[in-house]
Amino acid sequence: MTDNDLEVATDAVRERPWHQIEFVQTASPYLVAISLLLALCILFGYLFEVETFFRPFPAGPATHPLTMLCLILAGANTMLVSRPQKGRLVTIVVASVISFILLVRLCDVLFSAGLASYITPFQSSVAEAIARGSSNNFGPNSMLMLLGVVCALLLMRREYFGLAQGVAFLAAFIPTVSLVGYLYGLNNFYGEMSLLTAASGFFLSLGVMCLTAHKVVIRAVLSPYAYGWVFRIQCLAGVFVPVVLGFTIAKLMNAPDQRAFGVYVVGNIWFILMLVGVSAFFLEQVDQQRRHSEQLLLEAATQDQLTHLANRRKFFDFGRHEIQRLHRAEKELWLLMLDLDHFKAINDTAGHDMGDKVLVMVSRGMQKCVRNIDLVGRLGGEEFAILLSDSSREGAERVARCILEKVRTAFVFGWTDIHGPVTVSIGGAEIQRGGSLEEALKEADNALYQAKRQGRDQVVFASRWHYKKEKGLA
């Protein structure tokens, strides 16, 4: 693994700043301000008797004064909620006022009590509109929307952000349906909800949702990682395609062969399948990159960066696993410890860069002498260790002899051509059943020091069998 691979992998898993969440939460007051501006336009219309401001279409529904009042109160309440340190009591009071208005209106709907007329501002304008047959009603859709907004605000004050987000989403659904009705000219979609009521309620609900952007679903959609971009593209496609499909269906609604329903069904099936397929493809690409990055980081965590051998942690984990396997099988497990002879002199004479070159040369020589099932590790400095799985005494001797020869005959430009060959001393020990890796390392380490004392460039086993370049195996 190269340094560039490690840098790419580290960057892939590094925590990234979630600027999108900050941006969306910052946008919330502006969305609420648009809602308040629309509500104030309605108020302006009632104050100065400009009907267009509360009834955009002459034959269409109007925004009821109580609806306008609740929208203004809810918008102001949302502005307070966006500042958690301020206005807790005011939030509760405003929510109580809105709840009281909704309760009064509910009593009128259930019992025809007529109580709402006593608390409705501009009641004369409402009565005049009803007298001439125009619609001006505080309908159930508006009531449900406002109730959802109030509940979401109270939940946010209690810091139930995930639940508040869900309630605000449901509240936004109601004005969205009405706006779609206005877009396609479907009277039964918007019913008695005025265009201004729907628009103001939509922006208000959206602003409340944006305040919870740091939690649950919206947080996932706003992720700075690759899957976040996939989700955002899905959201855009999920809005754009149905809108286009809706126009197509609207054009076919009056077709003599009634093709609209078929187009709607086929179009939605096609879109859903395409969206799922494309999303699965991109998410698999993202997950594949994640798995690759995690694999590279795992290697970095268990690999010595200079020699690319197993590091101390990896060596001990593998050793303990092999010892457990040894307890269950009739196999032998051998351990070799190696130490470079006079390594300090190399660093002192030619510098640490030359010392690193020698360490890399020794590590390559060791790897050429072992099998794929064996593990070579660098325990630290110039000290190495080898675990020989399912091996024998003779196999351990062959590996030790190979390493001594490979190291002794290796060429390191700038050192061996001037100062002569590099050598290593090796200590070996068998890991006994019931024994531990630490015990075996201690025995091999003692054998290694015995090899040092006997002249270096040789192997000594803990059983006192040893190998010298002069004498061979005894």
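This briefing covers the nonpolar cores and the cysteines of a predicted model. Residues are numbered from 1 along each chain as its sequence is written, and side-chain values use heavy atoms, with hydrogens and water left out. Local features need pLDDT of at least 70, side-chain atom pairs count only at pLDDT 80 or more, and totals for chains, interfaces and linings use all residues. The largest nonpolar core holds 47 residues. A search of the whole structure finds 1 disulfide.

**Nonpolar cores**

- A nonpolar core here is a set of buried Ala, Val, Leu, Ile, Met, Phe, Trp, Tyr and Cys residues joined through side-chain atoms within 4.5 Å.
- Buried means under 20% relative accessible area, exposed over 50%, and partly exposed in between (1.4 Å probe, protein chains only).
- In the largest core, of 47 residues, Ile98, Phe138, Leu146, Val149, Met156 and Val208 touch the most other members.
- At least two residues of this core come from each of α2 (19-47), α3 (65-81), α4 (88-111), α7 (140-157), α8 (161-184) and α10 (195-211).
- Helix α7 gives the largest share, 9 residues.
- Helices (H or I, at least four residues) and strands (E, at least two) are DSSP runs, numbered from the N terminus.
- A second, separate core has 33 residues, including Leu338, Val370, Ala410 and Trp415.
- In soluble globular proteins, nonpolar side chains tend to be buried together.

**Around Leu146**

- Beyond its neighbours within four places in sequence, Leu146 is in contact with Thr67, Cys70, Leu71, Leu102 and Phe138.
- Contact means heavy atoms within 4.5 Å.

**The disulfide**

- Cys369 and Cys402 form a disulfide, with an S to S distance of 2.1 Å; the cut-off is a pair of cysteine sulfur atoms within 2.5 Å.
- Cys369 lies in helix α16 (residues 352-369) and Cys402 in helix α17 (residues 393-409), so the bond ties together parts 33 residues apart in sequence.
- The torsion about the S-S bond is about -70°, so this disulfide is left-handed.
- Cys369 is buried, with 12% relative accessible area, whereas Cys402 is partly exposed at 25%.

- The C-alpha atoms of Cys369 and Arg398 are separated by 8.5 Å, and the two residues are 29 apart along the chain.

**Another cysteine**

- Cys41 counts as partly exposed, at 26% relative accessibility.
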